[in-house]
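Okay, thanks for coming, everyone. Let me put the structure up and then we'll walk through it together.

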Amino acid sequence: MSYDALAPFYESLERLTFGRALQAARVAPLQTHGRQPKNVLLLGDGDGRFLEQALATWKEARFVSIDQSGRMLACAARRARGLGNRVRFVQADLHDGLASLEAEAFEVIVSHFVLDCFPEARLVALLPLIEERLAPQGMWFISEFSASRWWQRALLWAMYRFFHGFTETEAARFPDYRRLLEETGWRSKRLGLWRRAFVVAEAWQRESSQGCEKVRL
Ligand SMILES: C[S@@+](CC[C@H](N)C(=O)[O-])C[C@H]1O[C@@H](n2cnc3c(N)ncnc32)[C@H](O)[C@@H]1O
């Protein structure tokens with residue numbers, strides 16, 4: 001089963017496992033970011049449930065959405081219909097999609113539950129490409145899992161058995177993306193926690209740009 005095959009069931013599967021927690025984490029930036037960005041880059045946005053809300057909230061923004069799954073992008077395009085012609089969909093591996101954007105700089109980058117798809121070695125290669133696409137003082141919103149209790153570790157283990165075994169998910173275990181980001185000069189501010197802190201939404205910014213303008217939400 002690939003993400004293409006999973007696309008029609010993705011939302012139901014998520015609801016069964018997490019209820020509304022993941023969607024709450026996705027939309028947290030829309031409720032806390034006190035600005036209207038001009039442009040937004042979505043990394044692995046999947047079926048477009050964040051995009052739909054973002055189009056309605058960030059009314060002036062233009063979006064680029066990179067995802068390798070054609071069916072996920074088709075779901076997202078359906079959800080975006082009627083909300084203005086403001087989205088460019090790029091069907092590509094994240095690395096190639098980011099490289100294809102060249103000189104574009106985005107005020108906001110969003111990755112919800114997608115860094116966990118990559119092994120750490122791949123993240124090390126992706127991070128500079130993502131950073132290059134972020135405008136000075138831009139904000140990167142990340143939602144992810146954070147397993148500290150036994151049942152959270154067990155659920156994460158089961159999710160990796162499923163996603164690594166049955167989809168294109170490259171990672172076989174949860175990557176320590178937080179350490180990689182902090183080691184390369186990124187700092188975060190928490191936007192919210194759900195499911196006893198198993199789900200976390202954060203705003204990340206380069207430490208150097210925080211000197212000019214602190215993470216402003
Ligand atoms: C776990 S889903 C998360 C989807 C969505 N962001 C969400 O909040 O539910 C991972 C998404 O990333 C995409 N993806 C996984 N690996 C990718 C890669 N190497 N390049 C581009 N997209 C990728 C998948 O197609 C899928 O839509």
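I'll start with the sheet, then move to one glycine, and finish with a pair of helices. Just so we're clear, this is a predicted model.

So, the sheet. What order do the strands come in? Reading across, we go S3-S2-S1-S4-S5-S7-S6, which makes seven strands in an open sheet, and the pairing is mixed. At the edges we have S3, residues 87-91, and S6, residues 186-194; each of these has a single partner strand, so one side of each is left without a neighbour in the sheet. From one strand to the next, the twist averages 15 degrees.

Let's zoom in on S1, residues 39-43. Four of its five residues are buried, so call this strand mostly covered. How do S1 and S2 pair? Parallel, with five bridges between them, and S2 here is residues 62-67. If you want some landmarks, find Val40 and look over to Phe63, its bridge partner in S2. Then find Leu43, which has Ile66 of S2 standing opposite.

Is Gly46 buried or exposed? It counts as buried, because it has 25 C-beta neighbours inside 10 Å, and the cut-off for buried is 20 or more. Leaving out residues up to four places away in sequence, Gly46 touches Tyr10, Asp67 and Met72. Compare that with Arg35: it sits 11 residues from Gly46 in sequence, and the two C-alpha atoms are 24 Å apart in space.

Right, on to the helices. H4 covers residues 49-57 and H5 covers residues 70-80. What do we quote for a pair like this? Two packed helices are described by the angle between their axes and the distance between the axes. For H4 and H5, the angle is about 25 degrees and the axes are 8 Å apart. Angles under 35 degrees count as roughly parallel, and H4 and H5 are therefore roughly parallel to each other. Their crossing is right-handed.

Which residues make that contact? On the H4 side you have Arg49, Leu51, Glu52 and Leu55, and they meet Ala76, Arg79 and Ala80 on the H5 side. Sort the contact by class and you get four nonpolar residues, three charged and no polar ones.

Last stop, back to the sheet. H5 lies across S2 and S3, and runs at about 170 degrees to S3. So that's where H5 ties in: H4 on one hand, S2 and S3 on the other.

How values were computed. Residues numbered from 1 in each chain as written. Predicted model: local features only at pLDDT ≥ 70, side-chain atom pairs only at ≥ 80, totals over all residues. Axes fitted to C-alpha atoms, helices over the stretch in contact; angles between N-to-C directions. Helix = DSSP H or I, 4+ residues; strand = E, 2+ residues; numbered from the N terminus. Parallel < 35°, antiparallel > 145°, perpendicular 65-115°, else oblique. Left-handed = near helix turned anticlockwise from the far one by under 90°. Contact = placed C-beta atoms within 7 Å. Nonpolar A, V, L, I, M, F, W, Y, C, P; charged D, E, K, R; others polar. Buried ≥ 20, exposed ≤ 12 C-beta atoms within 10 Å, placed from the backbone. Pairing = 2+ DSSP bridges.
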